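Reader: I am new to this one. Can we go through it in short questions and answers?

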Amino acid sequence: MGKKKAAFVFLKDPENAWIPAKLLKSSGNVADVQIPQYKDEQSTICDGGKSAKKWIEAEVDLSDYNRGVLPMQNVDENGNMRAFPDMVNLPFLHEPAILYNLKDRHVNGKPYTRTGDIIIAVNPFQWFKEIYTEKVRNRYARVLVWENTDGDPRNQVEPHVYETSALAYKGLAFDGHDQSILVSGESGAGKTETVKICMNHIASVQRGPTKGNVEDTKFSDPIVNRIMESNPLLETFGNAKTRRNDNSSRFGKYTQLQFDMGNASKKQFAADKASRMCNLAGSKCEVYLLEKNRVTTHDTTERTYHSFYQLLAAPDKEKAEIWSELKGTDYNSFAYIGTPPTDTIEGKKDGDHWQTTNEILETINVKGSSRRDLMRAMCVVLQLGNVSFMKDPKDDDRSVVKDRGEFDKLAGLMGVTNQDLVDCLTERTMKTRNETYKVPLNADVAKESADAFAKEIYSKLFLWLVRALNDATCAELNYEDGMSKNFGVIGLLDIFGFESFVRNRFEQLCINYANEKLQAKFTEDIFRSVQEEYEFEGIPLDEIKYDDNTDVLDLIEGKAGLLAMLNEECVRPKGNDDAFVAKALAANKKSPCLIASKTNRREFGIHHYAGKVMYDAEGFVGSNVDTLPTDLEECAVKSNNEIISKHLSNDKSSNLASKPKASTGKKAAPRRAKSNLVAATVWTKYKSQLMSLMNMLAQTNSRYIRCIKPNTYKKPSIMQHLSTIEQLRCAGVVAAVTLSRSAFPNRLDNSVVRFKFWQMWDKDKYPSDATPNMSPAEKLTCDCKALLKCALAPLAENDPKTGKPITIFVCGKTRSYFKMGALEFLESHRSQGLEVHAIQMQRIGRGFLTRKRLRGSQKARKHGVVMIQKWMRDMLAKKKAKKEMEKARKEKLKREAKLKKQREEEEWK
């Protein structure tokens, strides 16, 4: 009797998350296993233990595993790894299988893996030129957009973000639905670079299937060039070096690429796809929650925003043209900057980046006085950091300027008087119902006031720049008849990933709140909506367990949630952080998501979808107040810098007026008067922005790219298991793969199915089960079942494991659902079925035209008969006359001969 083969399985491991092993035998809740010992985590692979240093035997408690079963490896009979480009096809589907599948592809230089409709992008920390060439771009566009192929066209190409961008363009151009691409991941996972790759590919696809040279990487369209080349500008002013990432986006960005959809009626009847393409007309950008605190403070291993370092690395001649006092300065000349850990970002020196930034500013028409105001506003921010205060020797409650030289430079730079600047920084105006009075500020508060002024100026100059960028790229202002057209949209969302540090502050709570909202949408799109729809349609669906984060959102934004408690504390006189935490804990003590700290009364925690995070509430109330003191606003208005004097109250990302809401015909309620005490807080504004973003995304067909940071060393070909698993859990990848395998990603209404594919139905071979007693909807469902069974017969196959037929489609109450590739098969063969009917139509049409041409009208027939008779009579008359003439001639000759003969006879006589 042969020896039983050991099974290849995975075991849980506290250091490496999951490790491969061999299952020897199991009994009850205990299993005997052999564990290969590899050199290190990176060397740990699924190879049957061939590269292991040694083996050890162990007993495993099966109660720690799902249903008491060890997860199996996806290997061949020799134990060698079988990697799949689409993880929906994994024979054994679970968390360790996904981890090791991604690791195998990552190590082998394949950064992209597909999970159904989702692309997982593992940051390779190196640039693979061969997969980003123009030739590769054109291949993905040709296969996924322009060509008609049997089955799922994605099977012809490797997973790539080009796949997402190409399908987004296809959905907009051919289906007419606005699209969005949501790119998520933690800092350093490559979100911003991924968005740029997608944007470039969309710009390439929109040129059409044949335009341009395949090796031409420079777009000739000036609108496209402006959109593509201006992208690094926001990175300059909104990105910074952090511990995790040298070019980390410190703001959220939603870029809307606008497309001219052309004539809808003509496109509907267009014969080929090239006639239905849409053209890139412009772009608009919305930004969210710039990290203000980074303007004034940052860790010694990090940097503030790139723009400051580029300005200080500029040649002295250019510095002097901006501000005379800037000449000869360096990083250490300004308190907000200090000695940077590096002067090189992404392989380029700050001075080289400065030249690029100026070229882009020129491209978007920020030049001359506008550019000067922008740079001088940055100088004001820098100089505010050099202003210092000390206690007034005459009054301990007052403060005075410590360094008059630095202060005078600031006043001159802003174009205000020294007294105006002193008053706004060292005093605060208070208003009551009957009087107005000033309250002196101590040195610490005065410095805080200067820092707040600097943060406000930088955040508003950033928004000013965004508006200038939108003015230069939006289709409404730069495309022919732009103001009168409705443009199709492909949106690309690049927003901060989930954050959890040793000390988490107000900014981390805002960022994680945004990620909770996006996770809710992801859950709705990928899980809940499909499950609820299938249940309504009466279609069986394998039970899918998934995390629902509505309880976390209720905790944060509910009526008695953290947002309401914090806003209440900001309005209350002498509101403070301790009271906020106490009220939040008391009001939400029944919430399973809220964690109370036992050691620090200013600390609380939240069980986020991605894990537990503890927040230090110190400074929450102050950070949430977004009202610039009246004294600083009045001083800003007096400045000769237009950005400072006119734009500090402008919170918009665009200069375009928002579209008016449709009138309901009812008289609007009177607007509530604005209170001097209650102002919109940072969190309230941020929530409003997020709601607007979610509403925009809800109107689009969303596609997802999940970015993974494989290691903290930022080195290629290395994957750390624990951090990768944590990111996969945050992204919901395991549940997404499960759903993609068991569900049907494509769907059509039953009426559309019968209308589009009726010609592919052989009713004799595949009769419908409909009966006269059925309702019209039930009859339609039966018809669709028979039709699709006939049309998809070539795709029928059995499951090799069970021997049962694989379900290719399912017909519900109102819709039909298709496995991947089935609907594409129907579409590609639909035209073949139409050929037979087209020939019959052509035969009838040609016969009709021929008969019409031959028969003509009654008058024409009579005229034809008369003409024929005339020709015949003429012919007969001519023939008769000719005979008579010939007879007369012969008789004449005969008479003449006779007379001649008679004459001759008479002469001889």
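Reader: Is Tyr 437 buried, partly exposed or exposed?
Author: This is a predicted model. Buried means under 20% relative accessible area, and exposed means over 50%. Tyr 437 has 37% relative accessibility, so the class in between applies: partly exposed.

Reader: Which strand holds Tyr 437, and which residues form a nonpolar patch with Tyr 437 on the surface?
Author: Tyr 437 has its place in residues 436-440, which make up strand β17. The patch has about 230 Å² of accessible area in total. Besides Tyr 437, its members are Met 430 and Val 439.

Reader: Is Glu 480 buried or exposed?
Author: Glu 480 sits in the loop between α16 (475-478) and β18 (488-494). The cut-off for exposed is over 50%. Glu 480 has 63% relative accessibility, so the label is exposed.

Reader: How many Å apart in space are Glu 480 and Glu 726?
Author: In sequence, Glu 480 and Glu 726 are 246 residues apart. In space, C-alpha to C-alpha, the value is 49 Å.

Reader: Why is strand β10 described as largely enclosed by the rest of the structure?
Author: Strand β10 covers residues 252-260. Gly 252, Tyr 254, Gln 256, Gln 258 and Asp 260 point one way, while Lys 253, Thr 255, Leu 257 and Phe 259 point the other way. Both sets are buried.

Reader: Which residue in β11 is the bridge partner of Gln 256?
Author: Strand β11 spans residues 279-288. β10 and β11 pair in the antiparallel sense over nine bridges. In β11, Gln 256 has as its partner Lys 284.

Reader: What stands opposite Phe 259 in β18?
Author: β10 also pairs with β18. The two run antiparallel and are joined by seven bridges. Opposite Phe 259 stands Gly 488.

Reader: How many residues of strand β22 are buried?
Author: Strand β22 runs over residues 701-708. It is largely enclosed by the rest of the structure, because the buried count out of its eight residues is seven.

Reader: Which residue in β22 is the bridge partner of Ala 121, and which stands opposite Val 183?
Author: Strand β6 (residues 118-122) pairs with β22 in the parallel sense over four bridges. Strand β7 (residues 179-184) also runs parallel to β22, joined by six bridges. The partner of Ala 121 is Cys 707. Opposite Val 183 is Ile 705.

Reader: Which residue in β20 is the bridge partner of Ala 596?
Author: Strand β20 covers residues 603-608. β19 and β20 pair over three bridges in the antiparallel sense. The partner of Ala 596 is Phe 604.

Reader: Which parts of the chain does the salt bridge of Arg 250 and Glu 499 tie together?
Author: The two side chains meet at 3.5 Å, N to O. Arg 250 is buried, at 8% relative accessible area. Glu 499 is buried too, at 4%. The pair ties together parts 249 residues apart in sequence, because Arg 250 lies in the loop between β9 (248-249) and β10, and Glu 499 in the loop between β18 and α17 (506-537).

Reader: Are Glu 325 and Lys 409 buried, partly exposed or exposed?
Author: Their side chains meet in a salt bridge at 3.8 Å, N to O. Glu 325 is in the loop between α10 (316-322) and β12 (344-345), and Lys 409 is in helix α13, 84 residues apart. Glu 325 has a relative accessible area of 38% and is partly exposed. Lys 409, at 31%, is likewise partly exposed.

Reader: Which residues do salt bridges that share partners join into one network?
Author: Asp 152 and Arg 154 meet in a salt bridge of 3.1 Å, N to O. Both are buried. The network consists of Arg 114, Asp 117, Asp 152, Arg 154 and Glu 163.

Conventions
Residues numbered from 1 in each chain as written. Predicted model: local features only at pLDDT ≥ 70, side-chain atom pairs only at ≥ 80, totals over all residues. Heavy atoms only, no water. Patch = residues over 30% accessible without salt bridge, like charges linked within 9 Å, V, L, I, M, F, W, Y side chains within 5 Å. Areas by Shrake-Rupley, 256 points an atom, 1.4 Å probe, with all protein chains shown as cover. Salt bridge = Lys/Arg side-chain N within 4 Å of Asp/Glu carboxyl O. Buried < 20%, exposed > 50% of the residue type's maximum accessible area, 1.4 Å probe, protein only. Pairing = 2+ DSSP bridges.
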